[in-house]
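Please work through each task before reading its solution.

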Amino acid sequence: MNRALLTIVSMLTVACAASGGTGVFKAGAAASNITPPLDEPVVGGWNSPPATHIHDELYARCLVLDDGATRLVLVMVDSLGVSREVLDAAKRLIHDKTGIPAANVLIAATHTHSSIPARGSGAAPTATVPGEPQPGIGNYGGFLIRRIADGVRRALNNLEPARIGWGRAEEPTQVFNRRYLMKPGTPTPNPFGGVDQAVMNPGQGNPNILKAAGPIDPEIVFLSVQSRDGRPIALLANYSLHYVGPGAGAVISADYFGVFADRIQEMLAADRLSPPFVGMLSNGTSGDINNIPWLEKPQQRYKPYEKMQQVANLVAQAVHEAHKEITFHDWVQLDARQTDLTLAARKPTAEQLTWAREVLKKPEDAPKYHTHERTYANRVLGLKDSSDTVGVILQTLRVGDLAVCAIPFEVFVEIGLELKAKSPFAQTFTISHANGSNGYLPTAGQHALGGYETWLGTSRVEFEAADKIVANLLAMHNEMRAGKEQAARP
Ligand SMILES: [Zn+2]
């Protein structure tokens, strides 16, 4: 055997060992309609009016990747947040039907603020139209479990030899930190009788704004899969923007996440039906990021759904441009890691309990120290006897040189930036609202500044939670990285 042939043979041996023997990379996608009936309570605002209209359908958008040895499942659900109970049950059903372990299944909510509650797997949410009894959906959690699992099974049915690539773009004009430090002397009360340093959504063009309390992340990371002959199968993007809105009141909509899925399908000239292309936009680390330019006076009023279309178009255009430059690979290694982390739950202090009782003693129309003091007084009292701990799933997926982190909170942008900076992988992004729904995750530094996202009743876990979560995710990244070197060794 000559030297060149020997090299080729040993390269083939390495490729087969690394790909679990078959060496065929496959992908499949499908989307399950999860639109609820009308009259269910629309969540995402301070009250939950019954739905009167559906602007666009909600979906659970599913992608399955297979490297011949490992299968990964990614599902983006058009919902404000889905409880861990529902997602655990969906993963159990997926495992029963397909054999794919729960640790390899990432299910996240997009965080559209125009969906209905996605909790429980047995208890019936009640419809809220006064007067006559409403039939209601009965068990939206149970419906979601079935529809998510069906979407994954259909994506598996669509599995075919595929190529995969990933890339990045930037869209800095549509993301703004929503927390601000105010000029000295500006009143900044909180609902617990104290004052904050940081104020969320301080009023557009407010002359008392001093400066933003945190950064933004303008990056859009995406991964794209296509058939061996170049037909688009799916594209999953990630952008750190809370949601866009505004919609039209008590109306169901997937927000700009749904518009993006539609636009990217058009731009890639992909088919919706046969087999279906699935566009997916996941929520990055956007706990403190929204789409409002706080430092400018309002320029124009937008019609309902106009703004979300504009933003989705810009994000899809940026992805589409970058997509022209990416390299597709015939095979990449897949991997998944998962940890169960127990965090300390925040509990009300004696002072907060006393304040809450005083607030609730006052007549409802009495002058208030803070607009939402009654809401938070009830939350504080409700937390008095709650569990001392919160168990959360942390998960990382590996797709070649790309790593995906999944965190079950509304994650602050600094946390995503830190993971991107410290991850040993060439490209990293974080999906928030994944594998559970546990409120905001500010950094310890942002907790010290106060503000809505840090309030007890909005944030449920210890101030050090973000540091612990980052350390855990990076440890799993390093483990997966070491795993690659092992697999690559002949
Ligand atoms: Zn939110």
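Axes are lines fitted to C-alpha atoms, for helices over the stretch in contact, and angles run from 0 to 180 degrees between N-to-C directions. The structure is a predicted model, in which local features need pLDDT of at least 70 and side-chain atom pairs count only at pLDDT 80 or more, while totals for chains, interfaces and linings use all residues. Residues are numbered from 1 along each chain as its sequence is written, and side-chain values use heavy atoms, with hydrogens and water left out.

**Exercise 1. Describe how H4 and H5 pack.**

Step 1. Helices (H or I, at least four residues) and strands (E, at least two) are DSSP runs, numbered from the N terminus. The axes of H4 and H5 lie 8 Å apart, at an angle of about 45°. H4 is therefore oblique to H5; angles under 35 degrees count as roughly parallel, over 145 as roughly antiparallel, 65 to 115 as roughly perpendicular and the rest as oblique.

Step 2. The crossing of H4 and H5 is right-handed. A crossing is left-handed if the near helix is turned anticlockwise from the far one by less than a right angle, and right-handed if clockwise.

Step 3. Contact means heavy atoms within 4.5 Å. Residues of H4 that meet H5 include Tyr256, Phe260 and Ile264, and their partners in H5 include Met308, Val315 and Val319.

**Exercise 2. Determine how H6 and H7 cross.**

Step 1. The axes of H6 (residues 350-361) and H7 (residues 373-383) come within 9 Å and cross at roughly 130°. That angle makes H6 oblique to H7.

Step 2. H6 passes H7 in a left-handed crossing. The contact involves residues including Trp355 and Leu360 of H6, and Arg374 and Leu381 of H7.

**Exercise 3. Which peptide bonds are cis, and which residues other than glycine have a positive phi?**

Step 1. A cis bond joins glycine 245 and proline 246, with omega about -20°; proline 246 is in the loop between S12 and strand S13 (251-252). Another cis bond joins serine 274 and proline 275, with omega about -15°; proline 275 is in the loop between H4 and strand S14 (278-283).

Step 2. Aspartate 39 has a positive phi of about 80° and, at 28% relative accessibility, counts as partly exposed. Asparagine 201 has a phi near 45° and is partly exposed at 31%.

**Exercise 4. Is asparagine 190 buried or exposed?**

Step 1. Asparagine 190 lies in the loop between strand S8 (179-182) and S9. With a relative accessible area of 8%, asparagine 190 is buried.

Step 2. Leaving aside neighbours within four places in sequence, asparagine 190 contacts Val195, Asp196, Tyr369, His370 and Trp455.

Terms used: Buried means under 20% relative accessible area, exposed over 50%, partly exposed in between (1.4 Å probe, protein chains only).
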